[in-house]
Amino acid sequence: MEMACMHMKMRALALIAAGVAATSAWSADTDIQSPVVAGGSGGFALQRPEIYHAGWVDLNKNGVKDAYEDPAQPVETRVEDLLARLTRAERLGQLEQRPIRNGTDRKDAALIAAGGIGSYLGAAPEAGPRNRLQRLAVEESRLGIPLIFGFDTIHGFRTVFPIPLGLSCAWDSSLVERVHTVAAAESAAAGVDWVFAPMVDIARDPRWGRIAEGAGEDPWLGGQLAAAAVRGFQGTDFGQSGRVAACLKHYVGYGAAEGGRDYNTTEIGLPTLRNIYLPPFKAGVDAGAATLMSGFNCLNGVPASGNRFTLTEVLREQWGFQGFVVSDWNAVKELIDHGYAADRAQAAAFALTAGVDMEMVSNCYRTALPALLDAGKLPGSVLDTAVRRVLRVKITKGLFDQPYTKPAILDQAAATALAREAATRCCVLLKNNANTLPLKNAGTVALIGPMAANRHDLLGCWSGLGREEDAVTLQAGLAAALPGVTLRVVEGCKFEGDDASGLDAAVKVARQADVIVLALGEPASFSGENSFRSELGLTGVQQQLFDRISATGKPVVTVLFSGRPLALPVVLEKSAAVLMAWHPGIQGGPGVADVLTGSVAPSGRLTASFPRSVGQVPVYYNYRATGRPLDDYMDGTRDPLLPFGFGLTYTQFKYGATRLSGDTVKNGVITVATTVANVGKQTGTEVVQLYLHDLACSFGARPVRELKGFQRVTLKPGESQEISFTLTTHDLGCWSAEGKWVIEPGRFEAVIAPDAASGAMVGFTLEP
Ligand code: NOJ
């Protein structure tokens, strides 16, 4: 009875604070509603006002503004005040994250009320279910500590953007930031406080399906885009409305899974860990990311989710990270499966002391740690440290002051326009013989292949709460972009299976066309988590389809949709033009059509090398030199089919020689310059890339090339531009195995080039 009264009181306080008249419509039993994210031309509409607290929330219902409830108090004061009030069970509760499932609010009600759960993962299109759970925590539990809700907003929430690997090919931090700003606003409106993104794992192996979720193979570019994604999600303050806390994942080395098999063991030497796999995480931490997720992989014999070296020495002691680390799903319990921990208690103790603060799904912390704490086998201070970190993020997120989802009106038209822009920007033109593209006055166009009229696979591997019906197909995009053209569409075959019965009909349509657009690739389900491949060709009978269509002798424009680099030397050789479109999101059809028809010139560049065959994998641009001449395979060349950085457009650029400001670094700088000219017939954008080579480094041999900068330059036909980059002494350094940034005098080389395989290096000296 007393409880119920307090609930009523609290509700009334909230209503008054929000300036809402307390009427009988708002009884204590009324569900707290959320803004509903509505589709349709009217945009996202707010359907009902939210109960919104404008002042403080009396979380422990004692009628007093305690320090932890007081928004005017410093975060650390609030954290310490609250921590001092918590029982051990409540402390452990803050470290437990569960998935939202049907009926969770009923099943978990008692545990939530006991303060036994700190967080949920999962989301609904609107915030109702989330707010119901939140109400249980805030109103039923002793101290009213709000839950934090996390969700996999990876490449969009309702508006699905290109997969991250595709988006990275735009080489454009501001685009990445804008995309994730929209994703944050849509997520936040549906009650998501925290997104499990960006995924910043370096991936050198396209067999690994999760290469789709990251920014490719380069640590420097990966770092730039990681920081941009964090800024997009969090803004300058993730406590502001419309922003969400970010989560850098999967810390660390997950992308080096042996054989490309997901979740697999990783062996990464320290120089490579420091210089290749860690830098994007460091960049994300420096950009202010609120959280990290520890990986599933076993790293050099120690699971990433129980790895004190990476989680505490590197992340906390060397980088000064203040937020919290959540394990990946069940990863704490999986310390047992890795053969690292003997039982749940040991798994919990290893993970917590290593630096995993919150446990996702497996509940070893809450269930197994009490006995260890009682027995004095684990100091209480370890537990408190983790709880502090979680509370710090929750308070900074503003959850204590505003536990429920804030109303928002979202601009759906602007989000859709951005999705179209992003879809054009992720396209990489891989080949364009005799100006086959752009398609102009094309007569009859045959659009053939499993992606021709396919909505589903445009969405990619993590489509959030995106909907197939929002996706616009290539067929629709081309029909709108080529109004005077006869467009004949036939599927030819499916992505999977061996049914070749549609090939004859496809060939017939092809024969009657002036140009053929072949929309091929792999289905969305072939990439992402637990979707690894041992072959990198076209799936199903698509290669047969390609061969038959190609044999007609008509010009073939192949548009590739996939979540990874594919190994397609024959397709590249025999097509007149090839456009890599990745899985481009809901506006994939119009976006790809914009590029094919030339209303937008392609400007994407590859962020992962394309192998010629599976046997070459891993093949990446920033390898180390060997002591012997670079021989080829007995049965083929060693070079990738297409290098990192590669991409064409509808004009041609000519690079002058790379020039230096001198033979030595002077006053801490050296300028690297060249002239880039547009020697073609159309305006175009070039991504001008700067690579460095450190010829001798006693801290660990450096790669033959490392990306150090790039500039996007748009030039009209006949125009040329001086491009220069300033390298500082600092830029010539690298990470030592111990984690120090070291700069060693000696010989270096630099080159400005259109991709990682072009250009002649010029040498200079850094004097002692
Ligand atoms: C497992 C995945 O590895 C991770 O990326 C994701 O964020 C979590 N599940 C939560 O869904």
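Four strands make up an open, antiparallel sheet in the order 21-20-25-26. Strands here are DSSP runs of E with at least two residues, helices are runs of H or I with at least four residues, and both are numbered from the N terminus. Two strands pair if DSSP finds at least two bridges between them. The edges of the sheet are strand 21 (706-715) and strand 26 (762-766), each of which pairs on one side only. From one strand to the next, the twist averages 25 degrees; axes are lines fitted to C-alpha atoms, for helices over the stretch in contact, and angles run from 0 to 180 degrees between N-to-C directions.

This is a predicted model, in which local features need pLDDT of at least 70 and side-chain atom pairs count only at pLDDT 80 or more, while totals for chains, interfaces and linings use all residues. Residues are numbered from 1 along each chain as its sequence is written, and side-chain values use heavy atoms, with hydrogens and water left out.

Within the antiparallel sheet, strand 20 (residues 684-694) and strand 25 (residues 746-753) are joined by six bridges.

A second open sheet has three strands in the order 5-6-9, and its pairing is parallel. Strand 5 (247-251) and strand 9 (324-327) are the edge strands, each pairing on one side only. The twist in this sheet averages 25 degrees from one strand to the next. Strand 6 (residues 291-294) runs parallel to strand 9 and is joined to strand 9 by four bridges. Ser294 has Ser327 as its bridge partner in strand 9.

Parallel pairing also links strand 2 (residues 119-121) to strand 3, through three bridges. Here Ser119 has Ile148 of strand 3 as its bridge partner. Along strand 3 (residues 148-151), Ile148 and Gly150 point one way and Phe149 and Phe151 the other way. All four of these residues are buried, where buried means under 20% relative accessible area, exposed over 50%, and partly exposed in between, with a 1.4 Å probe and protein chains only.

The ligand comes next. Around the ligand stand Leu121, Asp152, Phe196, Arg210, Lys249, His250, Met293, Phe296, Asp328, Met360 and Glu529; a residue is counted if one of its heavy atoms lies within 4 Å of the molecule. This shell divides into five nonpolar residues, one polar and five charged. In this grouping Ala, Val, Leu, Ile, Met, Phe, Trp, Tyr, Cys and Pro count as nonpolar, Asp, Glu, Lys and Arg as charged, and the others, Gly among them, as polar.

For Lys249, the distance from a polar side-chain atom to a ligand oxygen is 2.8 Å. For His250, the corresponding distance is 2.6 Å. In the side chain of Asp328, an N or O atom is 2.5 Å from an oxygen atom of the ligand. Taken alone the ligand exposes 290 Å², and the protein buries 94% of that; accessible areas come from the Shrake-Rupley method with a 1.4 Å probe, and for residues only the protein chains shown count as cover.

The backbone has some features to check against a general rule. Most residues other than glycine have a negative phi, and most peptide bonds are trans. A cis peptide bond, with omega about 5 degrees, joins Ala197 and Pro198. Pro198 is in the loop between strand 4 (194-195) and helix 9 (219-234). Another cis peptide bond joins Leu437 and Pro438, with omega about 0 degrees. Pro438 is in the loop between strand 11 (428-432) and strand 12 (444-448).

The loop between strand 11 and strand 12 also holds Ala434. The phi of Ala434 is positive, near 50 degrees, although the residue is not glycine. Ala434 counts as exposed, at 78% relative accessibility. Asn530 likewise has a positive phi, near 55 degrees, in a residue other than glycine. Asn530 is in the loop between strand 14 (515-521) and helix 20 (542-550), and is partly exposed, with a relative accessible area of 46%.

Thr649 is buried, with a relative accessible area of 7%. A polar atom of the Thr649 side chain lies 2.8 Å from the backbone oxygen of Pro602.

Methods. A polar contact is a pair of N or O atoms within 3.5 Å; within protein, one must be able to donate a hydrogen and the other to accept it, and residues adjacent in sequence count only if both atoms are side-chain atoms.
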